[in-house]
Amino acid sequence: MAVETGRRPESIPRPARCADLRSDERGYPIITTVSQPPDRVDFGSISERRKLALAAFDLCAVCGHPFHDELRWQVAFEEQVLDMDPALHGEAPVHEVCGLYAAQICPFVSSPHARLGDQWRKGSRRPEKVLLAGYRRTGEVLGRASGLQTGHAVLHFDMGGLDRVHVLRNAEEARAAYERALTEEAPVVLDAQERRLVDLLVNLTRQEPAGEDSGGVMAGAAWMVGGAFCPGVRDVMTMQHYVDGPAYDTIAATVVAKPRMAARLAVESTDEATATAMDWLATRRSLPPVLQRWHAEGRRRVRTDRRSSRPSDTAVDIRKARRKSQAAARKKNRR
Ligand SMILES: [Zn+2]
């Protein structure tokens, strides 16, 4: 970010909700949206799979905790963004205190705009100031072409209801805004299911198979709770695994068509991420609006699949997936 503090990361107090984030060897906190296989962390690599999990479970891209009623903040470098409402952003939103913390900890790494950081390092002009825009809602999340990486689709977040703005012109302003937000930080109260989700995504409480990022595992779970019906998700890089996987689409179609199946899968699934995500889904009094939209789309596609002699693309995917998983089960039974 443009606001350079020159302070060592460990000398900056963390928001309470960021207490669980691991640090790298230099003391930089590893924010939730960055891909983090166990053996290495690449701060320049925002993970699309982690973004899908953040979108489905409605979590902050820095601390990984739910938004609940708090505003959702996006970093912007051009004031024109403030004239657009709704506005499409290429990164997942963050809590206010988390956005201001990210502005403190580093100009280039650990920020929700590490990709821009990469561009700056290549010599583009750095912006004069940083804007943080606080929105009341995430209206939609969808995969579409990236403005930064041509030829690739990434997840975009459509933010609406612009409510407040921080304009950070220099390090002093950024620090003052952060200190104020820290004093006012209210605790995020998690229920048991949210706690387990955050633990899986942030605390890395389980050992992943050879070099796998826990974010990837959670994205599989996010796909099955409804992410399969995120518009354009199939074109997003790194999602092919779920498009090709034998059961992801089938389970997603099952839980949107028969919501009570989530509780059953929570008990029956032997995969911890799936069981956790299904338990979360089964115990929500109301789903986050983005997931509600995906479920509505999923139900529509399932109905189309049942009615139509010319099934939709997803219906074809689901049938293919079902055949694949049945074939796998038969093979297993023969052994
Ligand atoms: Zn946060």
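Predicted model: local features only at pLDDT ≥ 70, side-chain atom pairs only at ≥ 80, totals over all residues.
Student: Zinc, then. Which residues are the protein donors?
Tutor: Cys-60 (SG), Cys-63 (SG), His-95 (ND1) and Cys-98 (SG), lying 2.2 to 2.3 Å from the zinc ion. Donors are N, O and S atoms within 2.8 Å of the metal (3.2 Å for Na, K and Ca); water is not among the atoms, so sites may look incomplete.

Student: And what is the geometry of the site?
Tutor: Tetrahedral, with angles of 96 to 118° among the 4 donor atoms.

Student: How are the donor residues spaced in sequence?
Tutor: The pattern is C-x2-C-x31-H-x2-C. Cys-63 sits in the loop between α1 (48-57) and β1 (72-76) and Cys-98 in helix α2 (residues 96-105), so the pair ties together parts that are 35 residues apart in sequence. Helices (H or I, at least four residues) and strands (E, at least two) are DSSP runs, numbered from the N terminus.

Student: Cys-63 and Cys-98: buried or exposed?
Tutor: Cys-63 is buried, at 0% relative accessible area. Cys-98 is buried too, at 0%. Buried means under 20% relative accessible area, exposed over 50%, partly exposed in between (1.4 Å probe, protein chains only).

Student: New topic. What is the volume of the second largest pocket?
Tutor: About 450 Å³. On a 1 Å grid over the protein atoms alone, a pocket is an open set of points with protein on both sides within 12 Å along at least five of seven lines, whereas a cavity is a set where a 1.4 Å probe fits but cannot get out; lining residues have an atom within 4 Å of a point. Grid points are joined across faces, edges and corners, and a volume is the space filled by probe spheres set on the points.

Student: What lines that pocket?
Tutor: There are 22 lining residues, with His-68, Glu-194, Arg-284, Ser-286 and Pro-288 nearest its centre. β3 gives the most, with 3 residues. By class, the lining has 8 nonpolar, 5 polar and 9 charged residues.

Student: What about His-68 itself?
Tutor: His-68 is in the loop between α1 and β1. Its phi is near 50°, a positive value in a residue other than glycine. His-68 is partly exposed, at 41% relative accessibility.

Student: How many cavities of 30 Å³ or more turn up?
Tutor: The search of the whole structure finds 2. The largest cavity holds about 50 Å³ of space. Its lining includes Leu-54, Phe-67, Thr-138 and Val-290. α1 and β3 each supply at least two of its lining residues.

Student: How covered is helix α6?
Tutor: Mostly: 11 of the 11 residues in α6 (residues 214-224) are buried. Trp-223 is in this helix, and its relative accessible area is 0%. Gly-226 follows α6, with a positive phi near 145°.

Student: Where is the cis peptide bond?
Tutor: From Asp-85 to Pro-86, with omega near 5°. Pro-86 is in the loop between β1 and β2 (87-89).

Terms used:
Residues numbered from 1 in each chain as written. Heavy atoms only, no water. Nonpolar A, V, L, I, M, F, W, Y, C, P; charged D, E, K, R; others polar. Tetrahedral: all angles 85-135°; square planar, octahedral: opposite > 155°, others 65-115°.
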